[in-house]
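Good morning, everyone. Please bring up the sequence and the structure, and I will walk you through a few places in it.

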Amino acid sequence: MKNITTSELTAKEAKTISHALDIARRVVNLEEDQRPDGLKYLSGDEKLIKDLSYKFFSQQVTGATITQVENLDE
């Protein structure tokens, strides 16, 4: 069985997430030695961050929906 939770974000919240994604893209594009302390080594898929952030333009974001799926069978 799965538990599905959907969160609706306001325009302001969605723009903030879009802005954070843009910051992440900028940091990922820096060489490791140029990154700020604490961000030199990033976990996760750097290419995915780069690809995703180009799909969003914060001035055009009017909202967002996030769907979480939790597998209850585990």
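This is a predicted model: local features need pLDDT of at least 70, side-chain atom pairs count only at pLDDT 80 or more; totals for chains, interfaces and linings use all residues.

I will cover the salt bridges, then a loop.

Let's start with charged side chains. Side chains of opposite charge can pair when their charged atoms come close. How many salt bridges does the structure hold? It holds two.

Take Arg25 and Asp22. Their side chains meet in a salt bridge, with N to O at 2.6 Å. Find both residues in helix 1. They sit three residues apart, about one turn of the helix. Arg25 and Asp22 are both buried.

Now the other bridge. Arg26 forms a salt bridge with Asp22. Here the closest N and O atoms are 2.9 Å apart. Again, both residues lie in helix 1. Arg26 and Asp22 are four residues apart, about one turn of the helix.

Is Arg26 buried or exposed? Arg26 has 53% relative accessibility, so Arg26 counts as exposed. The cut-off for exposed is over 50%. Asp22 has a relative accessible area of 18%, so Asp22 is buried. For buried, the value must be under 20%. Through shared partners, the salt bridges join Asp22, Arg25 and Arg26 into one network.

Next, the loop. Please move to Arg35. Where is Arg35 found? Look in the loop between helix 1, residues 11-29, and helix 2, residues 46-53. Arg35 has a relative accessible area of 4%, so this loop residue is buried.

What does the side chain of Arg35 meet? One of its polar atoms lies 3.2 Å from the backbone oxygen of Val27. The backbone oxygen of Val28 also lies 3.2 Å from a polar atom of the Arg35 side chain.

Which residues does Arg35 touch, leaving out those up to four places away in sequence? They are Val27, Val28, Leu30, Lys40, Leu42 and Glu46.

Last stop: Pro36. Pro36 also has its place in the loop between helix 1 and helix 2. Its relative accessible area is 41%, so Pro36 is partly exposed. Arg35, by contrast, is buried. Now look from Pro36 across to Lys55. These two are 19 residues apart along the chain. Their C-alpha atoms are separated by 25 Å.

That is the tour. Thank you.

How values were computed
Residues are numbered from 1 along each chain as its sequence is written. Side-chain values use heavy atoms; hydrogens and water are left out. Helices (H or I, at least four residues) and strands (E, at least two) are DSSP runs, numbered from the N terminus. Buried means under 20% relative accessible area, exposed over 50%, partly exposed in between (1.4 Å probe, protein chains only). A polar contact is a pair of N or O atoms within 3.5 Å; within protein, one must be able to donate a hydrogen and the other to accept it, and residues adjacent in sequence count only if both atoms are side-chain atoms. Contact means heavy atoms within 4.5 Å. A salt bridge is a side-chain nitrogen of Lys or Arg within 4 Å of a carboxyl oxygen of Asp or Glu.
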